[in-house]
Amino acid sequence: MADSFPSAAPPIVEIQRLTRQFGIKMALDELSLVVPRSGVFGLIGGNGAGKTTLIRHILGMLKAQSGSVKVFGLNPVEQPVGVLGRIGYLSEERDLPNWMRVQELMSYTQAFYPQWDDGYAEELRDAFDLDPKARIKNLSRGQRARAGLLIALAHRPELLVLDEPSSGLDPVVRRDILGAIIRTIADEGRTVLFSSHLLDEVERVADRVAIIHHGRILLTASMEEIKESHRKMTLRFSQAMTQPPGLVGALSCNGAGAEWTYVCNGEAEQLRRAAEALGASVVDDSALTLDEIFISRVKP
Amino acid sequence: MQIHISTNDGVPIYLQVVNQIKYLVAAGRLAAGAELPPIRTLAETLIVNPNTIARAYRELEMAGIVEKRRTAGTYVTDQGSPLAKRERTKILIERIDPLLADARHMDVSIDDVIKLVHQRFTLLKPSRLKESNDG
């Protein structure tokens with residue numbers, strides 16, 4: 001599709017054959033991934049799929065054992081200043097210095113970022129209803145996430161990285177976070193990379209998606225391509241079957257008797273013809289949610 | 001403008017926006033000349049990607065439902081066009097088909113369904129509304 005590479009500009013993140021082992025566990029297995037400039041990139045995968053390990057490589061917190069990681073064309077381990085100064089990051093743990101007050105956290109973080117925007121920081125603090133005198137350790141879970149989001153956003157980073165930003169948060173805070181993602185990319189040229197297992201959120205806000213599973217990328221495409229290339233078809237055969245006949249392009253199948261539902265990847269017309277060739281009639285043909293697509297991909 | 005996005009049934013989000021705006025126009029809840037919210041505003045309200053809203057607006061423009069004006073802004077076009085009528089018919093068909101399926105399942109004849117439609121029409125006729133409009 002035309003928007004696969006929205007611009008000729010070099011990608012924001014370019015990872016090639018990255019491998020990472022923790023003991024005997026293969027966390028990342030020759031993983032390659034390109035995150036183009038501008039837009040929202042959703043990284044989806046189950047627990048232990050390798051999302052956080054991948055993000056830690058992008059931030060230069062882990063060094064590549066083999067393969068390469070480039071962010072803004074630079075190696076984040078060798079040139080941390082050139083990379084980290086342009087990234088806003090919110091981790092799942094939202095590890096903030098507990099002893100500080102909100103105001104202190106803001107001025108402390110400001111010191112690291114020359115581009116820190118004081119007016120914007122204050123605007124966010126007000127919108128998030130954060131008391132400047134409150135101690136971080138006394139903040140509720142939601143307020144803590146908002147404080148983390150504030151310091152990730154206030155230097156207007158070129159790349160905003162959010163690792164499971166919504167996990168364990170109530171709908172109001174989740175809305176703040178998703179709203180911040182949307183406002184960030186509405187500013188020309190900015191990029192958001194976020195990992196999540198809440199696929200309804202990803203479906204709403206992501207332009208592109210990568211599915212990560214067992215340390216590998218199973219699929220990466222624009223949200224439109226993913227939605228348009230996957231269908232759920234229910235076929236009715238002339239007689240009951242104990243096992244469903246194989247269908248070209250089928251990712252998974254379940255059912256019983258004469259009716260079987262296939263999750264397929266391919267052109268709708270081609271799939272229909274394949275079904276007819278098996279002597280089946282298509283009794284239902286519908287689009288899939290990202291959730292269903294994800295499950296059919298990781299659990300064939 | 002009341003739009004509801006659901007990620008439970010697989011319908012692409014841009015299409016949900018297109019269909020609901022078409023519905024609002026066909027139902028007269030968005031009149032000719034009404035301005036649609038800016039892309040960014042609607043994206044933030046619905047919590048969806050701005051590109052998705054942009055695509056929905058493009059599709060609506062191609063279908064002749066809305067037009068971009070040079071001064072910026074997207075407006076509902078004049079609804080006298082045959083295309084709008086076709087949309088209205090399409091929306092009604094989408095609602096009639098499930099009704100007919102239900103009727104068949106419950107063994108209700110088509111004549112009885114039509115009779116029922118007439119009955120409901122008489123009952124729901126907005127007589128009071130008419131009076132207040134006339135007066």
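**Labels and the values behind them**

Modeller: Happy to. A:Glu164 has a relative accessibility of 5%, so A:Glu164 counts as buried. Please keep in mind that this is a predicted model.

Colleague: What makes 5% relative accessibility count as buried for A:Glu164?

Modeller: Buried means under 20% relative accessible area, and A:Glu164, at 5%, therefore falls in that class. A:Glu164 sits in the loop between β6 (159-163) and α6 (171-186) of chain A. Its backbone deserves a look too: phi is positive, about 45 degrees, although A:Glu164 is not a glycine.

Colleague: Is A:Arg17 buried or exposed, and how do you know?

Modeller: Exposed means over 50%; A:Arg17 has 52% relative accessibility, so A:Arg17 counts as exposed. A:Arg17 belongs to strand β1 (residues 13-22) of chain A.

Colleague: On to the helices. Why are α2(B) and α3(B) called oblique to each other?

Modeller: Helix α2 (residues 39-46) and helix α3 (residues 50-62) of chain B pack at an angle of about 120 degrees, with axes 8 Å apart. Roughly perpendicular covers 65 to 115 degrees and roughly antiparallel starts over 145, so α2(B) and α3(B) are oblique. Their crossing is right-handed.

Colleague: Which residues meet where α2(B) packs on α3(B)?

Modeller: From α2(B) come B:Ile39, B:Leu42, B:Ala43 and B:Leu46, and these meet B:Pro50, B:Ile53, B:Ala54 and B:Tyr57 of α3(B). By class, the contact has 8 nonpolar residues, no polar and no charged ones.

Colleague: Now the sheet β11-β10-β12 of chain A. What makes β11 and β12 edge strands?

Modeller: The sheet is open, with 3 strands in the order β11-β10-β12 and antiparallel pairing. β11 (250-265) and β12 (281-287) of chain A each have a single partner strand, so one side of each is left without a neighbour in the sheet. On average, neighbouring strands are turned by 25 degrees against each other, direction ignored.

Colleague: How do you know that β10 and β12 of chain A are paired?

Modeller: Pairing needs at least two bridges, and 6 bridges join β10 (residues 230-241) to β12 in chain A, running antiparallel. Across this pair, A:Leu235 stands opposite A:Val282 in β12(A).

How values were computed: Residues are numbered from 1 along each chain as its sequence is written. Chains are lettered from A and ligands numbered from 1 in the order in which they are written. This is a predicted model: local features need pLDDT of at least 70, side-chain atom pairs count only at pLDDT 80 or more; totals for chains, interfaces and linings use all residues. Side-chain values use heavy atoms; hydrogens and water are left out. Axes are lines fitted to C-alpha atoms, for helices over the stretch in contact, and angles run from 0 to 180 degrees between N-to-C directions. Helices (H or I, at least four residues) and strands (E, at least two) are DSSP runs, numbered from the N terminus. Angles under 35 degrees count as roughly parallel, over 145 as roughly antiparallel, 65 to 115 as roughly perpendicular and the rest as oblique. A crossing is left-handed if the near helix is turned anticlockwise from the far one by less than a right angle, and right-handed if clockwise. Contact means heavy atoms within 4.5 Å. Ala, Val, Leu, Ile, Met, Phe, Trp, Tyr, Cys and Pro count as nonpolar, Asp, Glu, Lys and Arg as charged, and the others, Gly among them, as polar. Buried means under 20% relative accessible area, exposed over 50%, partly exposed in between (1.4 Å probe, protein chains only).
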